[in-house]
Amino acid sequence: MPALVERHGDIAATAAAEWYERVRLKDTGQARYEAVAADCFPSQAVQDSIRWKAGVLWSDPERMARFLMNATDRWVKYSGRATIMQNVSRDHARYAIVPQGKTCAWCTMLASRGFDYRSMDTARASMHEHCDCQPCPQWDAKKTIIAGYDPDAMFDQYTQAMKAVDKDRPAYLDNLHANGRETEILEVMRRQHPSEYTDGVHGYSPDRKDRSKQSVGDLNLATWADYRASLAERFIAANNPNWKLPPEQPTEVPRWWRDDSDLPELTVNHLNHLLYGSGEKARKGEGARKWRYSGGHMNGYGWISNRSEFPQDWDVTQILKSAKAVCKYGESGAKTKWLTIDGCDIIVAFGYKERIASVYPMGEGYERANHRY
């Protein structure tokens, strides 16, 4: 194993050094720079790792094979990555950790820092099995653009999770064996945007019997999964880039809303209804329709039941803050309140026991007295 790692590690380091020279010349136009290939992963460390794991050879040899395959991938990649990092340090440049497509929450956090790395040791320890992130150098902050790499968007996700931990700490963190605040932030990231990460947490078991016993607030996860599944055929057939499929994990009502005694009750069921829509199976005698849909006013979800949408740049927090303003300062109607916010007429409709039934922007064909939501 040490010989195999050294052989392929040398190839990876040489290729990385040649690539660094080409990119540096193209980006800076400066005189020739001779990149230095980094050392391979230490042979002694390879041997120690194998000895530490060797006990499973007698009980589970396939497990040992998987370990060797995964570890070899990491050890060989180490040489190429270390070459880039080492030359960046010698060259007084910077580098970013750039994922190749979808990656895990941990790597997204590292990538969100952008071109902020200088030391070899800073990101080397972050490498894990099956990690395909690559260090990419930068010599001029104004010129470096990498297609598909958006550290600002990644940092927004990290910041959103950080705020949730600090202000609206989710209850599921109480059962998390966390090693600190960073671990909690990563867990929130996985749950807030489960489809964005390879290790996203969607919140329900693939076993429908288990899923039927689980809920987020008053929203049963099996019911939510069935609703999403009912939309899949239309969504795929349309192939419309502006359409969005409701997230696998329903959105929870934030604590700041729940703790404000002056605000009307908003359940998880109604929150997800107004954001992503909802559906129920049609009753007999209602024609060929299998489902009846309603709601879905967040941008990208109006297609579900042909509803008006909030502005494109309004996220969940902005929508709820507008609903709060309507509840406190809006004009009253029959079971509704409305207020113009940023040029948009926002309507809050109330249902049983004055609970919020929906929140939506008044679009074409809507009237303030028409409670079709």
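# Close-up views of a predicted protein model

**View 1. The loop that holds Lys 353.** Lys 353 belongs to the loop that runs between β9 (344-350) and β10 (356-361). In this predicted model, Lys 353 has a positive phi of about 55 degrees although it is not a glycine. Most residues other than glycine have a negative phi. The relative accessible area of Lys 353 is 60%, and because the threshold for an exposed residue is over 50%, Lys 353 is classed as exposed.

**View 2. The loop that holds Lys 335.** Between β7 (331-333) and β8 (336-341) lies the loop in which Lys 335 is found. The phi of Lys 335 is near 60 degrees, again a positive value in a residue other than glycine. With a relative accessibility of 57%, Lys 335 counts as exposed.

**View 3. The whole chain, as a setting for the remaining close-ups.** The protein chain has twelve helices and ten strands, and buried residues make up 43% of its 373 residues. Among the contacts between residues at least 6 apart in sequence, 56% join residues that are at least 24 apart. The accessible surface of the protein chain comes to about 20900 Å², and 48% of this surface belongs to carbon and sulfur atoms.

**View 4. The crossing of helices α1 and α3.** Helix α1 (residues 2-28) and helix α3 (residues 61-90) have axes that come within 8 Å and cross at roughly 30 degrees, and the crossing is right-handed. On the α1 side the contact is made by Val 5, His 8, Gly 9, Ala 12, Ala 13, Ala 16, Ala 17, Trp 19 and Tyr 20, while α3 contributes Thr 72, Trp 75, Val 76, Ser 79, Gly 80, Thr 83, Ile 84, Asn 87 and Val 88. By class, the residues of this contact of α1 with α3 divide into eleven nonpolar, seven polar and no charged. As background to such lists, an α-helix has 3.6 residues a turn, so residues three or four places apart point the same way.

View 5. Arg 24 is placed in helix α1. The relative accessibility of Arg 24 is 9%, and since buried means under 20%, Arg 24 counts as buried. When neighbours within four places in sequence are left aside, Arg 24 is in contact with Gly 29, Gln 30, Ala 31, Tyr 33, Asp 91 and Trp 139.

**View 6. Asp 140 and Asp 27.** The loop between β2 (134-138) and α6 contains Asp 140, which is partly exposed, with a relative accessible area of 31%. Although Asp 140 and Asp 27 are 113 residues apart in sequence, their C-alpha atoms are 8.2 Å apart in space.

**View 7. The packing of helices α6 and α7.** Helix α6 (residues 151-166) packs against helix α7 (residues 181-192) at an angle of about 115 degrees, with the two axes 8 Å apart. The two helices, α6 and α7, are therefore roughly perpendicular to each other, and their crossing is right-handed. The contact involves Gln 157, Tyr 158, Gln 160, Ala 161, Met 162, Ala 164, Val 165 and Asp 166 of α6, together with Arg 181, Glu 182, Glu 184, Ile 185, Val 188, Met 189 and Gln 192 of α7. Sorted by class, the contact of α6 with α7 has eight nonpolar, three polar and four charged residues.

**View 8. Leu 186 on helix α7.** Leu 186 lies in helix α7 and is buried, with a relative accessible area of 6%. Leaving aside neighbours within four places in sequence, the contacts of Leu 186 are with Ala 105, Trp 106 and Met 109.

View 9. The buried residues are Val 268, Leu 271, Asn 272, His 273, Leu 274, Leu 275 and Tyr 276. Gly 277, which follows α11, has a positive phi near 85 degrees. Helix α11 packs with helix α12 (residues 316-329) at an angle of about 110 degrees, with the axes 12 Å apart, and α11 and α12 are therefore roughly perpendicular to each other. Their crossing is right-handed. The contact is formed by Leu 271, Leu 274, Leu 275 and Tyr 276 of α11 and by Val 316, Ile 319 and Leu 320 of α12; by class, this contact has seven nonpolar, no polar and no charged residues.

Methods. Residues numbered from 1 in each chain as written. Predicted model: local features only at pLDDT ≥ 70, side-chain atom pairs only at ≥ 80, totals over all residues. Heavy atoms only, no water. Helix = DSSP H or I, 4+ residues; strand = E, 2+ residues; numbered from the N terminus. Buried < 20%, exposed > 50% of the residue type's maximum accessible area, 1.4 Å probe, protein only. Contact = heavy atoms within 4.5 Å. Areas by Shrake-Rupley, 256 points an atom, 1.4 Å probe, with all protein chains shown as cover. Axes fitted to C-alpha atoms, helices over the stretch in contact; angles between N-to-C directions. Parallel < 35°, antiparallel > 145°, perpendicular 65-115°, else oblique. Left-handed = near helix turned anticlockwise from the far one by under 90°. Nonpolar A, V, L, I, M, F, W, Y, C, P; charged D, E, K, R; others polar.
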